[in-house]
Amino acid sequence: MNPLIVFWVPAILRTLIVVCGALVVGYFWGILWCAIAVGSGLAVLIGLQLHYLYRLSIWLDKPDSSKLPDGWGAWTEIFSRLYRMRREDEKNQAELSEWLARFRQAMTLLPDGVVIMDDVLFLEWCNPVAEQHLGLSLSKDKNMRVTNLIRSPEFMDYVILGRFDKPLTVTHRDRKLILHIIKFENRRQILVTHDITESERIDMMRRDFIANASHELRTPLTVINGFLEINAMQPDLDSKIRAGHIKLMTEQGQRMQGLVEDMLTLTRLESVDFPVRPERVNMTQLLESVVSEMHGLSVGKHELIFINEGPDVMGSFDELRSAFGNLVSNAVRYTPVGGTITISWTNSDAGPKFMVKDSGIGISSEHISRLTERFYRVDKSRSRETQGTGLGLAIVKHVALRHKAQLTIESTSGVGSAFSIQFPMPVSIA
Ligand code: ADP
């Protein structure tokens with residue numbers, strides 16, 4: 001409403017009423033009483049204004065606990081407007097707190113760390129991921145300078161040089177982090193942290209794998225190329241020597257083929273696009289095929305024992321055949337003539353277990369934890385001599401993982417080894 005009507009018109013009207021009343025009094029009782037009437041009327045009006053001003057100041061001191069009076073005249077409008085403003089303010093504040101709570105929750109769920117700092121890098125707020133990445137504690141470190149908390153020379157340089165257009169990659173507390181400072185508002189900055197430890201590890205594994213695979217393939221290729229060159233330069237080479245060369249080249253070709261096949265198997269096992277399609281695996285059939293392979297490889301050089309007491313399982317026949325075959329072929333390759341190899345398929349409260357035990361050369365303890373790494377070999381020359389690719393145990397580990405089974409390696413150098421795959425209980429169906 002127009003303030004002229006709300007405030008001035010009633011005030012002028014009230015003053016006119018007082019003046020008119022006083023004039024009436026003056027007309028009957030004389031000028032003195034007229035002056036007294038004007039004075040008292042104005043005093044009452046001023047007193048009322050002061051009273052409402054006083055109530056207003058009390059309410060302004062404690063708007064939550066005290067109450068505004070209904071008011072009189074223009075005060076009614078003033079008080080109702082103040083009430084409305086206060087109600088709107090309360091509503092806005094409730095909305096703001098709700099929004100802030102949602103924002104904080106979203107920040108907590110972020111996979112990246114977020115640190116809010118003022119213009120001179122004093123910590124104002126950070127999410128739990130940032131606490132983890134940078135070793136901060138919001139409750140303890142609030143209002144501390146971030147450069148005193150993140151003690152990294154690279155980070156100090158980054159802050160001092162102030163080249164925040166590019167992120168910084170640092171190693172901090174055994175993690176590889178990407179840090180990026182972004183200025184916002186006039187006097188605030190955000191530090192975003194992104195952990196790349198895992199992706200770096202995978203990248204390194206990939207680079208190592210490519211380097212190792214190339215190295216593995218280069219050796220047989222060099223041998224084949226060498227023989228081909230000799231044969232090209234000496235066309236009238238003795239046929240016996242030539243046959244010897246062809247035999248060696250065939251062996252190297254087979255080695256390359258084995259390597260490529262193992263690499264393809266590993267790639268398929270690691271691929272999320274190829275989950276195990278569980279089928280009932282006829283274990284007797286699978287184990288008999290493994291044992292017959294073992295006889296073929298051992299050609300009577302070892303004492304072979306076979307125990308089959310376990311149930312059928314749900315899983316992939318081909319994958320389990322490949323894993324068991326790898327363990328058996330290793331046992332034959334790393335057990336000297338006259339040694340004993342035992343294959344057992346048993347069942348217990350923990351679930352079915354496949355075990356290959358040999359009395360072979362064994363493995364010293366420092367190697368055991370690394371055996372399932374690709375291309376890791378204890379004795380490189382022995383592995384190559386026996387057509388090993390260095391990928392067998394990596395394949396076994398992946399097959400076990402895909403069947404929720406656990407590969408355990410126990411070995412003593414010079415005494416022998418036991419490789420077992422413990423399947424979980426629900427897998428068994430027999
Ligand atoms: P490889 O093709 O070289 O045998 P694996 O991944 O199958 O590759 O095995 C990795 C390494 O583990 C082998 O090079 C060998 O040193 C060791 N190893 C595996 N099985 C046995 C075993 N039964 N006895 C002794 N050493 C073994």
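This is a predicted model: local features need pLDDT of at least 70, side-chain atom pairs count only at pLDDT 80 or more; totals for chains, interfaces and linings use all residues.
Local features need pLDDT of at least 70 and side-chain atom pairs count only at pLDDT 80 or more, while totals for chains, interfaces and linings use all residues. Residues are numbered from 1 along each chain as its sequence is written, and side-chain values use heavy atoms, without hydrogens and water.

**View 1. The largest pocket holds about 950 Å³ of space.** A pocket here is an open set of points, on a 1 Å grid over the protein atoms alone, where a 1.4 Å probe fits, with protein on both sides within 12 Å along at least five of seven lines. The volume is the space filled by probe spheres set on the points, which are joined across faces, edges and corners. Look for N326, S329, N330, R333 and G388, the residues nearest the centre among the 42 in the lining (an atom within 4 Å of a point).

**View 2. Helix 11 (317-333) gives the largest pocket its largest share of lining, nine residues.** Helices are DSSP runs of H or I with at least four residues, and strands are runs of E with at least two, numbered from the N terminus. Among the other elements supplying at least two residues each are helix 9 (239-270) and strand 12 (416-422).

**View 3. The second largest pocket holds about 380 Å³ of space.** Of its 16 lining residues, M205, D208, T372, E373 and R374 are the closest to the centre. Helix 8 (197-233) and helix 14 each give two or more residues to this lining, and helix 8 has the largest share, with five.
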